[in-house]
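Hello,

I am passing this structure on to you, as promised. Have a look at it first, and then read on for what turned up.

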Amino acid sequence: KKSQAWSALFSEPMSDLVKRYTSSVFFDKRLWQADITGSLAHAEMLAAQGIIAAEDHAAIQKGMAQIWGEIESGAFEWKLDLEDVHLNIEARLTQLVGDAGKRLHTGRSRNDQVATDVRLWLRSEIDLIGELLVDLQKSLVDVAEANAEVILPGFTHLQVAQPVSFGHHMLAYVEMFSRDAERFSEVRRRTNRLPLGSAALAGTSYPLNRERVAKTLAMDGVCQNSLDAVSDRDFAIEFTSAATLTMVHISRMSEELIIWMSQNFGFIKIADRFTTGSSIMPQKKNPDVPELARGKTGRVVGHLMGLITLMKGQPLAYNKDNQEDKEPLFDTVDTLKDTLRIFSEMIGGQMNAATGKKEGGISVNAEAMERAALKGYATATDLADYLVKKGLPFRDAHETVAHAVKAAQSHACDLSELPLTVLQGFHASIEKDVYECLSLRGSLNARNILGGTAPAQVRAQIARHRARLG
Ligand code: ARG
């Protein structure tokens, strides 16, 4: 009795080590729903084209329904000997329905089958990720709305630069995640095309109706070249690239949360359930979740490198190398989904069913932020702009203000704490109204330009995002 699924050609059985080395069932079994769905669409078309009998189609449907139930309930017995998810399911089908099961693979190869499965699976994961990105953006918009008027020192080079609204800062991340969502929907469009009908590499001699299968599977079209269809994994690489960018955005945010939580900043707190203590230092509450997210970004970057390297040396068409696409892709999806879920909750809080409100998101220490913004002469640019409005060329105003900052530094005070007479010593045109522009709030309100940090602009952006996110 032959021990493998393919043929009598082999004169000796595979060694156990080679079996373990070449089999993928223990990770690719995660594709089972896509595999059955793809097979059912293929079988339906085979029957419609008169390639298999209606009874065979009915038997395949019945057998697959049973297999679906067995896998769902955990009763299905996955066999290493049967190499992968495809052969495991097909063998069970044949066990259940006999010859009809053996007819399923007519006009098909595992090469176009696996390419179809991965695309179907990834499509539904992209849809989930899209929803999670909406949730995260909504959490950020909520925090932005609650903190549109809260003033944070904006940094460049991590040196105090100019005051910004904390809401504005949150909305910067909303922009990043909305571009990420756009990228995923573009990747979805190219992923959602049908390889089936390409067979092993050259197409097939059976009169298949590929468009019909694509329609059944709600795909946007069929792959137009059989060699390309079975062998390229660019959609997986593109997906991982989009995931990498999303993780990089999460990682930047993590870095900020970690800094803001440090006692030396004290700008925010995250709920205790996202932190851990220390086994030695009783006072510690560590930002483990943002730190891990920053760390896990590295592993997704690694998967992108892995996949792209996997592809680079492969001649057309299918090569077994491609079996190695799955673990990095699966781990990318798992890591991204978990991270997005955790961040939505950590930022925006958790729904309290009793009150219908979200609770336990980040808490903001507005006072600490404003105090920090007052420390680094954050309104120096505003003073320069004030002088420009009085007629000074900007370069001269810049120099004048540098002198004023130096004087304030030597008095260990803020620009707004210098008496008017002292300020007038730097330029005679300075009047009492200068104090309005030297205040944090005056500085914020002055930047009332599209994309700027004035609370009026922030509120307009919030309205735009709310309309967009639904
Ligand atoms: N498990 C294989 C994969 O993941 C399925 C396709 C195998 N095809 C083949 N001719 N060996 O790529």
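**Around the ligand**

The shell around the ligand is made of 1 nonpolar, 4 polar and 4 charged residues (Ala, Val, Leu, Ile, Met, Phe, Trp, Tyr, Cys and Pro count as nonpolar, Asp, Glu, Lys and Arg as charged, and the others, Gly among them, as polar). This is a predicted model, in which local features need pLDDT of at least 70 and side-chain atom pairs count only at pLDDT 80 or more, while totals for chains, interfaces and linings use all residues. Residues are numbered from 1 along each chain as its sequence is written.

You will find Ser 24, Asp 28, Asp 84, Arg 110, Asn 111, Val 114, Lys 320, Asn 322 and Gln 323 around the ligand (a residue is near if its C-beta atom, placed from the backbone, lies within 6 Å). Helix α7 (residues 110-146) gives the most to this shell, 3 residues (helices are DSSP runs of H or I, at least four residues, numbered from the N terminus).

The protein is assigned domain 1 (16-106), domain 2 (111-144 + 163-205 + 221-359) and domain 3 (376-465), with bounds from an automatic or database domain assignment. Where does the ligand lie? Domain 1 and domain 2 both give residues to its shell, so the ligand lies between them.

The C-alpha centres of domain 1 and domain 2 are 30 Å apart. Their contact takes 11 residues from domain 1 and 12 residues from domain 2 (C-beta atoms, placed from the backbone, within 7 Å). On the domain 1 side, α2 (25-28) and α3 (32-48) each supply at least two residues, and the largest share, 5 residues, comes from α3. That side divides into 3 nonpolar, 5 polar and 3 charged residues.

Best wishes

How values were computed. Two residues are in contact if their C-beta atoms, placed from the backbone, lie within 7 Å.
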